[in-house]
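Here are my notes for you on this structure. Keep the view open while you read, and find each residue as it comes up.

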Amino acid sequence: MFIKHGKDYDLKPDFAEELYGKYTLVLESEGADYSTLRYIAVHYRKACVRFYGVSHESTLKATLQFAEMSEEGHREESIALYEEADQKSREVPKGQISEVTVAAVLASKAQLPQLYSTSKLATSP
């Protein structure tokens, strides 16, 4: 519903986050595979970007969640997502992003060296 009609129904970011969280929880409890969960995460993040903008807190959270999910099988994409979240979070005026989200962005930034060291980027010429 949110992904296709979020703008039509003027869904607020908090509601969209809660809806996504509950939906993925149900999918996980029903044994959904990684590719299904990844598909939902990709489209949820795209919807957040489209509805709220790339620097909105909900989009940053979706980006961090998607990046974390991508660490194992899509490490380079995960690195790019973490870097994007860091960059976009710094562009937002102070006070528009919660301390919890800022802390999550900083924590993800701190793990970038480890991700780089085990990625294809570490062996690039």
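**Notes on the model**

1. Start with Arg75: its side chain gets to the backbone oxygen of Glu71 at 2.9 Å. That counts as a polar contact, meaning a pair of N or O atoms within 3.5 Å; within protein, one must be able to donate a hydrogen and the other to accept it, and residues adjacent in sequence count only if both atoms are side-chain atoms. Arg75 sits in helix H5. Helices here are DSSP runs of H or I with at least four residues, numbered from the N terminus.

2. Before going on, some ground rules. This is a predicted model, where local features need pLDDT of at least 70 and side-chain atom pairs count only at pLDDT 80 or more, while totals for chains, interfaces and linings use all residues. Residues are numbered from 1 along each chain as its sequence is written, and side-chain values use heavy atoms, with hydrogens and water left out.

3. How confident is the predictor? The protein chain has an average pLDDT (the predictor's confidence in each residue, from 0 to 100) of 88, and 89% of the residues score at least 70. Confidence is lowest in helix H1 (residues 2–5), with a mean of 57, and highest in H4, at 95.

4. Back to Arg75: is this residue buried or exposed? Its relative accessibility is 16%, so Arg75 counts as buried. The cut-offs are under 20% relative accessible area for buried, over 50% for exposed, and partly exposed in between (1.4 Å probe, protein chains only). Leaving out residues up to four places away in sequence, Arg75 touches Ser70, Leu115, Thr118 and Ser119; contact means heavy atoms within 4.5 Å.

5. Now the largest nonpolar core. It has 27 residues, and Tyr52 and Tyr82 have the most contacts inside it. Such a core is a set of buried Ala, Val, Leu, Ile, Met, Phe, Trp, Tyr and Cys residues joined through side-chain atoms within 4.5 Å. Helices H2 (13–29), H3 (34–52), H4 (57–70), H5 (75–91) and H7 (112–117) each supply at least two residues of this core. H3 gives the most, with 9 residues.

6. Take a look at Tyr82. Apart from neighbours within four places in sequence, Tyr82 is in contact with Leu64, Ala67, Glu68, Glu71, Ser108, Gln111, Leu112 and Leu115.

7. Just after H2 comes Gly31, with a positive phi of about 85°.

8. Which residues of H3 are buried? Among them are Leu37, Arg38, Ile40, Tyr44, Arg45, Phe51 and Tyr52. Gly53 follows H3, and its phi is positive, near 100°.

9. Thr101 lies in helix H6 (residues 99–110) and counts as buried because its relative accessibility is 3%. Thr101 touches Glu57, Leu60 and Lys61, not counting residues up to four places away in sequence. Thr36, in helix H3, is partly exposed, with a relative accessible area of 32%. The side chains of Thr36 and Asp33 are joined by a polar contact of 2.5 Å.
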